Every structure is written in C-alpha cells, then in structure tokens.
Amino acid sequence: MGTDQTSHREPILSLTGISKQFPGVRALDNIDFSLLAGEVHALMGENGAGKSTLINIISGLLQPTSGKICVAGEEVVFANAIQAQKAGISTITQEFNLVPQLTVAENIFLGREPTGRIGLLNWREIKRHASEVLNELGLNVPLGQRVSYLSVGDRQLVEIAKALSMEFRIITMDEPTAALNAAEVARLFEIIEKLKERGIAVLYVSHRLREIFRIADRVTVLRDGKRVDTRRLDELNEDEVVTMMLGRALRKEATIYQAIPLSELAALSVKDITVPGFITNVSFDLRVGEVMGCAGLVGSGRYELTRALFGLQQISGGEVGIKGRPVVLNSTSDAIRHGIYMLPEERKVEGIFPDLTVRENLLISAKRLFRRLSELLINPREEEKQYQGMRNSLDIRASSSVQRITKLSGGNQQKVMLGRALMSNSRILLLNEPTRGVDVGTRVEIHAVIRKLAQSGYSIIVSSSDIPELVSVSDRCLVLSAGRTKGLLNRAQITEDNITALAIGQEITGDNQ
Amino acid sequence: MSNPPKLLNFRAIFSVANATRFIQVAESLGVFALLLIVVIAASIIAPGFFTYTNLTNTLITASITAVTGLGMTFAIAMGGFDLSVGSVQVLTAIVVGSLLSLIDPPLAILGALLTGLALGLLNGALISKLRLPAFVVTFGMMSIVRGVALLVTQGQSVMVTKHGEFGLLNNGKILGLPVPFIIMMMVLVVLSALLKHTPFGRHACAIGGNREAAIVSGISIDRVTIAVFGLVGVTAAISGVMLTSQLMIVDATLGTGFELQAITVSVLGGTSLSGGHGNLVGTVFAALLLATIASALNILKVVSFYQYLALGMLLIFALAIDTARRAFIAKSLLSRA
C-alpha cells in the first residue's frame, strides 16, 4: 500500500473497495482512492488500466459492482450523472457539454436560469454573476459571444466557469490539455492553481507526464484495473511513474535516434504554397526515407498544411511536385492516386467507422485490382490474410478481425488507422498527432514503427502538438508560425526549446536554416 | 477457500455482451417473429386469409413493396433516403404501360428501368453536386415526377391492350412460386451481394457510419451517392413494372404513400435511420408483415383508411425500438471505454 502522508486531512471524496465487473473483464478491482480538498490529484495508467471506468463511476455514468463512495464523509450512491452533479462533482471531458448556439452567459446558467417575478429571465442577474465568475478566472471573453465562435481552450474555460458558478467542490478533468496550445495550457494551469486556493479538489487525468509533475500534488497509478499506488509527486521522478504504469522500465532504444544521412531525392516538393486564410508561401522538400516533423501552435497553419497536401483544403498558389512532376490535389482520391495518405488528427471524428469491423476499417482504403470478374466481389480469405499480416507487424491487439472497431482500446484503434495508411499503397504518409490519446507503451511502439517505415523508404511528415514526440522521431523539423515557415531545423538543432521558441514566434540562437 | 460447485454461470449468460449479441440476432428475428404471430392471428380471426389465392396475392403485394424497400435500405445504410420512390414507381408504370402499345415487352420494360435509373441518378447528382440534403431533393422530385406523370397521361388511365402475356409477370408461376416473388428474391440476392461483398456496398455503409472518415479515407462520396440513388431509382422502376403487370391499367394517382411504406419496411426490418448498416432480409420480412396486416384488415372489412393509421404507428414503433437499441448499445460500449 502507498505511503500516503497527506491522509490526515479529511478527504472530500473517498472510494473504498470499488470494483467494476464487465462481462469477462474485471475493469476495476478493489480500488481505494481519496481526493483531498484543495489538491490536484493525477490519475494515470495505460489505456485499459481502468481510468475511464473510474472517472465514469465518479461522475455517475457507471455504477460500481461493489464498494463505497463517500462525499465529505457521507456515503452516496449515484444512479446517474445528474445525481453526481448534485453532490458537487463536475466532470470536464474532451467533448464539452456546451450548447454552441448559445452565448457564454447563457451556457453558464443553462438549466438554472435566475428568473424574475413572472418567470422571465433576469438578464441583469445572469450577466452580473457570469462576469463575476469569468473575472475570477481571468477569462477575457465577451459574455454575449456565441460559444461556437470560441476556441477549444476558451470553451474549456467556460466549462470550468460553469462548474465554479455552481459551486462544485470536485472537478474532474479528462485529458484537458489534449487540444490546447502552449499558451492555453499555461493559462489552464494558472486557473487550476486558483481552484486549489479555493479548496476545490481537482482530479486530473492525463497521459502527459511533464504536465502531471508541473501541476499535480499526488498521483494514483492504475494498472490492469488495480491500484498500483498513490504517492506524492515530489517524492517521484518521471521514470518511476512510468515504471509504476507499465510494471517495468520503459524500453529506451526506440526513442534513441539513429542518424543516417538524408537522401538527396525529394519525394514531395512543396514550393510557395498558399492556403487562403491559413498558409502563406510555405516551401520544403520532403526527402525519400525522411521523417519530417511539423510543429506549430493552433492557428499556425500546421493543421491545414497536411490537409491541403491530402486534397482536403484548396491550395490557391504555389506548386506541389511528386518526384519532380507537378500534381493537382483537389480531392483525397487525387492524393491517394499520387501515393499520399493522411492519418487524421481526430480519430473519432475522421478516422474510425463505428459500424464496421476491425478488418473493414483496416482495408477501407486498400487498393483493389480488377483483373478478373470474380474480383468484383470482396474475397474474405484474401482480406483475412492481409489483416493478419498487418496485425502481426503492428501488434494490433484485437480478439477477432470481425469485431467492431469501437471495442478496441484507443491505442489499438490508432494502430488500425496506421495500418489503414500502410494498406493504401502510399509511400508518402502525413501523420497527424500519431500518438494522441495513446498510452506510453503504444506511443513508443508507434514511434518505432514510424522510424522503421522511413528506413524502408517511406517519406513521412509527422504533424504534432506533442513536442517531445517531434524531438524523438524527426530527421528535420518544420516549424510554422502564423501561416509562414518560421524555421526548418536540422537534426542537431531539434530540441524542445528550439521548437517551442520558433513556434511562439521567437528566434533561436545559433544558425537557423 | 473451498471451490464452489461449477453450476451454470448465470451472470455470464445474462451479461451485457450476450445481451448485445442477442439484440443483434433479434434484429433479424424480431420482425420475423412478429410476422409469424400476425400470420397465425390473421389465419384465426380472418376466415379466408389462409387460402391459396389470398396468400398468393399477399405475397405479390409484399414483393412489390419489398423490391423498392430493398433499394431504400441501401440508401438508408448510406445515411440518406429517397422520398420520390412513389412518384418514380407510378411514372415508370405509365412508361411501361404506354410503351407496350408500341414495342415488345422486353424493350418496354427496359425503357421503364432506364427511366427509373435516370431519375435516380438525377436525385444523386443534385444531392452530391449541389450539396443539398437528400430530404429536400427527393421531396422536390416527388412532386416534380408526379407532375410529369399527370402531364404525360393528361390525367387519363393507361391500359395494357396489346401483349397480354405481360400479365405473366404477375400471374406466372415458376416452381409453383409467383413470379413477383422470384423477382423480389433476385433483387434481394443481387443487393445483398452488392452491400456485403463489394467495395461499393462497404463504402456506402462507411459513408452512412462516418461521413468525415469516409472523405479522409479517399472514398468518392459523390460517386457512391449517385450510384446508390441510381440503384434506388431502378428498384422503384422494377416495382413500377410489377405494378403495371398486376393492374394492367394504371394512372398517375397511384403509388401515393409508397415512399412511406418503403421507409417503414426498411426501419421495421432493423435498418437504423442513422445509417451505417443495412438489413436486407429484415426488409423483406417487414414487407411481408405489412402486406399481411393489410390483407387481414381487408378481409375483416376494416375501412382501408385505417391502414394509414396502422402504417404510421408501425413506423413510429420501429423507430422507438431502434432508438432504445442504440441507447442500450451506447451504454454497453461505455463499459469498454
């Protein structure tokens, strides 16, 4: 059991012996957990360790098979999410519970609008209270702004404002920084500090070790549905947390970059391309066998660059060439015909087909040949062979090829997405956020796959908001800022500091290509 | 600890996963079970229902609905639907009826099928090229095509006078089975092969399941959309030809409410309006169910107006079941998140 020196304080939320049994799986096994007022408590574990199940139990979406939940010392049973909210628990997930058509103020008071004597909305009261909460958070958005016009970071803060105005005592945040840029992350952390001062307990779920060390006081690590330990973070280092999560030390080989001289051949040459409103005159050559990182904050044009090269966004000026010949990319089928394939940033939105099986998802972009009439029909045996091949080479953990893809863990879904790109017969891969929402173990595996693909002649752009990822996989790294090339770092120059400096628009010391 | 005796593991049997599987099986079997109950009930309370002639007629009616229902299932799997099938059915019925006085039956039938194909492709082209919702385009086409049918006939009936053998498409028997039933089975086999065993069918389901992902996967949304609506047009035209051979006299007022029937049999058969998959066999069972109910009500001399009530209630009932099923699956998926 853990060395828990903070336990003399009265916990605001405590779970005792919580278990959750699903058919065939014990998702949680006898978990003890306590959350203290005014602490930030990190919850970590690989995908499938039981984090989501635990969060869902705390927020009332799932009911435990056994065990006890106490809020402020009193035992509670949540039949649904509303009861958990009434007990003062707010859950901020990646999918926000805001109505995009309503304004900031309307959203904050949705469902509990103060009304006047005859039942009309009391706008003055709404505005006064809303601006009070927003001021406290240091959030500078107009109260009358429609939420659909806000950035992801601002929406998240509106959610937090809503939680504050309802006087919640416990706020659960599930991967809150997944879609934020560096400035927004810094602002979020300032706000979390303020929440702490007010005595609010924050349960913080994230895969990002560095963040955990920056913001959290204690960490609880889950593995295979069991609690490994709860520890104070100031007694731990990153490697120790990873070892707790994996049950072994992380294999380091994959993250060590092996320098090979860059090929002179350009697989994809981009000359002065412009995407109206997003990108101005960006040029680079992607060499054969190269992994080129692409960094940039939200709004830098990084997101639009790979989409434009995949035919999803109109290129208005400049030239894209493949093996020296100019190509037109008006649609995704154009791009695939020229051997370009893109892994989308949001797996759930643009990646998986929830109604299709793992195999169908893997092979949806596979190139088909019609040499004989019988090949008009899909050959299941041939498909199974292709699936098994990809399953072995990427180590996809699925119980069968005909199971629905939604039953796989995030990491395995991501491997299927990567496999789909490989099955498309394309030699130029544009990988957006290849390890978003993926556990540390799978992350290392995916990075190793990316390096191996490059060695076997694929040319790859890795576009990512995860700077350590760019440092560990890139041969060169393009940094965009405000739609323009801010720098193209060579291997020796690629460091987290250099990438960050360029991304926020500063110059770096030393020579810059 | 002593080992407990290993009895049946009830918890495992009634688990969520098994329940999900049960629901998936029940999706196909549910409407079949309902059909069985209704057939037995009709045989008992409606004397004359369980006779050779009546059963044959019921089977023919069901087959005509099912053919278009099968096409509709394809469109719903792709996340769309076609409200113009009733008008297309009546226009193609008129086309084949009129052409029979000019040319041989095979060519007349071909003319009707090409008309249906052209109208379907037009639907698909308007939806994909003008980026309009299927609802708007096919709702508009429903009125336009009906208007064309009224104009070309000038409101008069079209009677099949030459080529009496055309009626064999309705009365004929192959291996003791009515020809309309055989036609319907052939459409079922072809569409099943298309839906489950070709890239085209898989792409249609992919578009219905996640349109954004389909675009990113390099699927040509426009091409698949146009092809699927073309297919629906052809099935509506086949129903039109079958209708003419059944009645031998057609006019432009027929086939109203046919689109509602086609959508109802799809949904009742287990195809979700939210798209992503299609249950073709279920569609056939649902068409049989609908025809059985109509036949029983006729025999019981219930005023035919009540059939509209029954149809609407069945559609709402089927949608309610579908919504409940989706909610259940969402809940069980949550457990794996």
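Here are some worked exercises on a predicted two-chain model.

Residues are numbered from 1 along each chain as its sequence is written, while chains are lettered from A and ligands numbered from 1 in the order in which they are written. Because the model is predicted, local features need pLDDT of at least 70 and side-chain atom pairs count only at pLDDT 80 or more, whereas totals for chains, interfaces and linings use all residues.

**Exercise 1. Follow strand S7 of chain A: which residues point which way, and which strands pair with S7(A)?**

Step 1. Find the element. S7(A) spans residues 170-174; helices (H or I, at least four residues) and strands (E, at least two) are DSSP runs, numbered from the N terminus.

Step 2. Check burial. A residue is buried if 20 or more other C-beta atoms lie within 10 Å of its own, exposed if 12 or fewer, and partly exposed in between, with C-beta atoms placed from the backbone. Five of the five residues of S7(A) are buried, so the strand is largely enclosed by the rest of the structure.

Step 3. Sort the directions. In a regular strand, side chains alternate between the two faces of the sheet. Here Ile170(A), Thr172(A) and Asp174(A) point one way, and Ile171(A) and Met173(A) the other.

Step 4. Look at the neighbours. Strands pair if DSSP finds at least two bridges between them. S6(A), residues 89-92, pairs with S7(A) in the parallel sense over four bridges, and Ile92(A) stands opposite Met173(A). S8(A), residues 201-205, is also parallel to S7(A), over five bridges, with Asp174(A) opposite Val205(A).

Step 5. S7(A), helix H6(A) (residues 182-197) and S8(A) make a right-handed β-α-β unit; right-handed means that, with the strands pointing away from the viewer, the path from the first strand over the helix to the second runs clockwise.

**Exercise 2. Describe the largest nonpolar core: which residues touch the most other members?**

Step 1. Define the set. A nonpolar core joins buried Ala, Val, Leu, Ile, Met, Phe, Trp, Tyr and Cys residues through C-beta atoms within 7 Å.

Step 2. The largest core has 167 residues, and Ile460(A), Phe74(B) and Val228(B) touch the most other members.

Step 3. Trace the sources. Helix H11 of chain B (residues 221-247) gives the largest share, 14 residues. Domain 2 (265-339 + 426-513) and domain 3 (352-425) of chain A both contribute, so the core lies between them; these bounds come from an automatic or database domain assignment.

Step 4. Leaving out residues up to four places away in sequence, Val228(B) touches Phe74(B), Ala75(B), Met78(B), Gly124(B) and Ala204(B). Contact means that C-beta atoms, placed from the backbone, lie within 7 Å.

Step 5. Note the other core. A second, separate core of 65 residues includes Val147(A), Ile170(A), Ile171(A) and Val241(A).

**Exercise 3. How many residues of chain A are in contact with chain B, and how do they divide by class?**

Step 1. Count both sides. The contact involves 29 residues of chain A and 28 residues of chain B.

Step 2. Locate helices on the chain A side. H1 (51-58), H10 (332-337) and H11 (347-351) of chain A each supply at least two residues.

Step 3. Classify. Ala, Val, Leu, Ile, Met, Phe, Trp, Tyr, Cys and Pro count as nonpolar, Asp, Glu, Lys and Arg as charged, and the others, Gly among them, as polar. The chain A side divides into 16 nonpolar, eight polar and five charged residues.
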